[in-house]
Amino acid sequence: MRGLISSAAAILLVSGFLLFINYRLEHKAGSAGKDTITVYNWGEYIDPDLLKEFEEKEGIKVIYETFDSNEGMMGKIEQGGTSYDVTVPSEYAVQMMEEKDLLIPLDFSKIPNIQHIDPYFMDLPFDPDNQYSIPYFWGTVGIAYNPSLLEGQTFESWDSLWDASLRQKLILVDSAREVIGVSLNSLGYSLNSTSLQELKEATDKLETMGPNVKAVIGDEVTQLMINNEASVALTWSGQAADMISENDEIDYIVPEEGSNLWFDNIVIPKTATNIEGAYKFINFMLDPEVAAQNAEYVGYSTPNISALSFMDEEITSDERFYPDEQARENLEVYENLGLETLGVYNELFLKFKMGLR
Amino acid sequence: MGKLSSLPKIYLTLVFVILYAPIFYLIYYSFNSGGGMSHFESFTLEHYQAVFQDTRLLIIVMNTVIIALLSALLSTTIGVIGALAIYFMKNKSARQTILSLNNILIVSPDVIIGASFLILFTLIGVKLGFASVLISHIAFSIPIVVIMVLPKLQEMSTSLIDAALDLGATRKDVMTRVILPYIKPGIFAGFFLALTYSLDDFAVTFFVTGNGFSTLSVEIYSMARTGITLTINALSGLIFLITIVLVLGYYIIGNKAKSPQGVRK
């Protein structure tokens, strides 16, 4: 009995000690006053130095939390119980959050730095007039490939993914709209097609790609490509940038028929308790120098046109990640197709996956 | 255990290699200056430095440990009382029912438990954060503790209690001097299992964290999209090292305490 009690006491003592250290650390970190904002972002999606800079500049402490999926983030916000002041959903999630009435309309007079955002990335179908969101990072869907493992194939066209030489080599991202989108793009249809006829044609064509498909997976593909264990992958430009930074043999291309243009966007959710602080934070993140530093840290493409001049020429001139206007013409942003059509996409994709091998 | 022929030895070695190889692989790359896990460039300690400079990460690690310790302690206490209650329950069918309910909680998926807690907490207006994480960790650990303690109780001969009562022990004495010492190994096993469950739980924790409170598993999972940095390798290496030191320490202390009393079979 005594052994049990002393063990319990020891555990309490240790946790008390850790709590104390924690308290000290938190107070050392947040030298600022009682004003705080809570930021909910993807993991590793901001330069931590910028948070410190913001705290020092504005005297607002930043509580920073991370999530790993749009759906998870939305679930938390919808349920409440938290006080997130700023979060960063992808474009389709912005639309879903708007429909569920989870967002606060933005007041541009409090975000003067919005002028630095490339007008090309403003006023897009998922959020007309940018009523609720401001682009944070953007990118494309394309093909990452490793020429040293291939026999001279190139991927200027989506059709090359059907090439018999790629048998059992292609890795697809596990996402219905991206994969069916490839087929839609290759047939010249819109990525937002709701026509059952077009979708049927697309999935029929997709099924003939079957023998080439080695796997349908998620984020693990980055590591496989880096380790030269895979040679071709359908992926997002952000992931491709990660691959290239680790293994410079890898190349990334957006086929000429066009592709998807994706965005992650800053929004203020309804749960916000410090809206003034949220505006200050958003404005701070849109500052050209801040955005430049952030883009270099994260490695994704920034929509902040003024930031480009503060960045390494080598990054901003890389047309794989900063395509010129002509290349952008063929890019299409996802629209929210509604639950029913989305269900059709998912079902077709599931059928395709089950038919593999 | 004295004479092991070579086949079992090879088998055991193989098992341990499989168990430990990923951990050592991870630690090996924590010294890599190359920034990734693809190829080893040169030796560096910068990732370890980064761990200690990243206050946010340190706070998260501490949070994780505090939650694990406290939730394991509380769930062990509650679980032991629960196991005793089940053991002394007269009504056989009631006992069976409660035990089944306990087992259902063990096999129910974490996501379901997490989502239920999220809905519950927001319904009754509990702010998500330290308290909500602690409560849910205690909740999913209790059934495990019960399962660890109950066999110890059942294995205990009832004549021990009868003998103690015959010799004039009060009910309190029976509890503190006979039953609890007897089931102590079960209690510790339950505690350590609850501790590990709490340390590595992601699914439940993700739903109930909030307002700046986060644990290591949630933090690491959220890095999946942009890639996990070598800082996490370094941190894992440190945690692994601390665990080894603690386990070794536990054995040394345990052996010292035991030796004067002589041999145990």
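1. In this predicted model, the accessible surface of chain A amounts to about 15400 Å². Carbon and sulfur atoms account for 52% of that surface. As for burial, 55% of the 357 residues in chain A are buried.

2. Chain A contains 13 helices and 10 strands. Its radius of gyration is 23 Å, close to the 21 Å that the globule rule gives for 357 residues, so chain A is as compact as a globular protein of that length. Taken along the principal axes, the box filled by the C-alpha atoms is roughly 65 × 65 × 45 Å.

3. The contacts in chain A may be considered by sequence separation. Of those between residues at least 6 apart in sequence, 74% join residues at least 24 apart.

4. Attention is also drawn to the second largest pocket, which holds about 980 Å³ of space. Its lining consists of 35 residues. Those lying nearest the centre of the pocket are A:Asn70, A:Tyr92, A:Ser175, A:Glu178 and A:Trp236.

5. Which element gives the most to the lining of the second largest pocket? It is S9(A), with four residues. Several elements of chain A each supply at least two residues of this lining, among them helix H3 (70-79), helix H4 (91-99), helix H5 (176-186) and helix H8 (237-246). Strand S9 (259-267) and helix H13 (338-354) of chain A are also included.

Technical notes:
Residues numbered from 1 in each chain as written. Chains lettered and ligands numbered in written order. Predicted model: local features only at pLDDT ≥ 70, side-chain atom pairs only at ≥ 80, totals over all residues. Heavy atoms only, no water. 1 Å grid on protein atoms, 1.4 Å probe; cavity = no way out; pocket = protein on both sides within 12 Å on 5 of 7 lines; lining within 4 Å. Points joined across faces, edges and corners; volume = space filled by probe spheres on them. Rg over C-alpha atoms; globule rule 2.2 N^0.38 Å. Buried < 20%, exposed > 50% of the residue type's maximum accessible area, 1.4 Å probe, protein only. Contact = heavy atoms within 4.5 Å. Areas by Shrake-Rupley, 256 points an atom, 1.4 Å probe, with all protein chains shown as cover.
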